[in-house]
Amino acid sequence: MSCLILRAYLKTTYRGLLDILAGHQALRCALGLEDKLPHFTTLQKFSSRSEVLKIVDVMIETIGRAAGENSFGKGAAAMDATGLETTTASAHFQCRRGGQRRKWVKISTIVLCGSLLPLGLVLDWGPTNDKCQAQVLIAKASRASLPATLYADAGYDAEWVHDQCRLEWGAESVIKAAVHRADGQRGGFWRSAMSEKYLEAKGYGKRWAVESFFSGLKRTMGSMLTSRKPDQLLAESAFRVLAYTLRR
């Protein structure tokens, strides 16, 4: 796992990572690889195992729990999703040439607004509605910490999302409401309360914490994945999020 996280952080190949380790004795000692380095196929095969994503979930949960115990991490959390490209062609290039983004890895997470450390992580394929990953994501985050407030944009606007946050997790949900009716009314007990004044009074601007996390993730780790197989794409995305989290 340490080798795979380091590979994601250095944005190199399996062979490239082993070349780096071969030339850095202190780094090999820190990783417990003084005597022998693994073969590059060993790392590749390990990264394709289904247990890898479960290990990443446990590590993210452990980091989130530790961050939540600090006084600056208990106030609020923010939820959102972003995408990592599965091709070296940028979304701007594909749009200019008349193509469309058909598929990308969708990263959904909840981060603490104070420390910008994630409480949970869900990987899926886009495009999908953000609410498709919300139930599992909130359930994962609830095992790590209990912030006072959860902020989210209109992509998560649903009465059941409010119920899960407030009744099951115990966090006050502040989610911008989307207008679906011609008369502008919003159904639901909690949805109807999400007026502009309510959002402003609850400090809705803190939602941008999760955008800051995604911005730092893409600037540091890159927004384009190099793997080709579906399972490897998900694993590479998980390692990038974990590597950036450990860096923070």
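Student: Which residue in β2 stands opposite Glu85?

Tutor: This is a predicted model, in which local features need pLDDT of at least 70, side-chain atom pairs count only at pLDDT 80 or more, and totals for chains, interfaces and linings use all residues. Residues are numbered from 1 along each chain as its sequence is written, and side-chain values use heavy atoms, with hydrogens and water left out. Strands are DSSP runs of E (at least two residues) and helices are runs of H or I (at least four), numbered from the N terminus. The residue in β2 opposite Glu85 is Trp104.

Student: How many bridges join β1 to β2?

Tutor: Strand β1 covers residues 76–85 and strand β2 covers residues 104–112. Two strands pair if DSSP finds at least two bridges between them. β1 and β2 run antiparallel, and the number of bridges joining them is 9.

Student: In what order do the 5 strands of the open sheet come?

Tutor: The 5 strands form an open sheet in which the pairing is mixed. Its edge strands, β3 (118–126) and β5 (172–175), each pair on one side only. From one strand to the next, the twist averages 20 degrees. The order is β3-β2-β1-β4-β5.

Student: What angle does the direction of α5 make with that of β3?

Tutor: Helix α5 packs on the sheet and touches β2 and β3; contact means heavy atoms within 4.5 Å. Axes are lines fitted to C-alpha atoms, for helices over the stretch in contact, and angles run from 0 to 180 degrees between N-to-C directions. The angle between α5 and β3 is about 145 degrees.

Student: At what angle does α10 run to β1?

Tutor: Helix α10 lies across β1, β2 and β3. Its direction relative to β1 is about 35 degrees.

Student: How many residues of β2 are buried?

Tutor: Buried means under 20% relative accessible area, exposed means over 50%, and partly exposed lies in between (1.4 Å probe, protein chains only). Strand β2 is largely enclosed by the rest of the structure, because its count of buried residues is 9 of the 9.

Student: Which residue in the turn between β2 and β3 has a positive phi?

Tutor: β2 and β3 run antiparallel, with 8 bridges joining them, and Val111 stands opposite Pro118 in β3. The two strands form a hairpin with 5 residues between them. The phi in question is about 60 degrees, and it belongs to Leu116.

Student: Is α10 roughly parallel or roughly perpendicular to α11?

Tutor: Helix α10 (residues 208–221) packs against α11 with their axes 10 Å apart, at an angle of about 105 degrees. Angles under 35 degrees count as roughly parallel, over 145 as roughly antiparallel, 65 to 115 as roughly perpendicular, and the rest as oblique. So α10 and α11 are roughly perpendicular.

Student: How many nonpolar residues does the contact of α10 with α11 have?

Tutor: Phe213, Gly216, Leu217, Thr220 and Met221 in α10 meet Arg240, Val241, Ala243, Tyr244, Thr245 and Arg247 in α11. Ala, Val, Leu, Ile, Met, Phe, Trp, Tyr, Cys and Pro count as nonpolar, Asp, Glu, Lys and Arg as charged, and the others, Gly among them, as polar. The contact has 3 polar and 2 charged residues, and its number of nonpolar residues is 6.

Student: Which residue forms a salt bridge with Arg240?

Tutor: A salt bridge is a side-chain nitrogen of Lys or Arg within 4 Å of a carboxyl oxygen of Asp or Glu, and the whole structure has 10 of them. With the closest N and O atoms 2.9 Å apart, the partner is Glu236.

Student: What is the N to O distance in the salt bridge of Glu61 and Arg65?

Tutor: Glu61 and Arg65 are 4 residues apart in helix α5 (residues 51–68), which means a separation of about one helical turn. Glu61 is buried at 18% relative accessibility, whereas Arg65 is partly exposed at 32%. Their side chains meet with an N to O distance of 2.5 Å.
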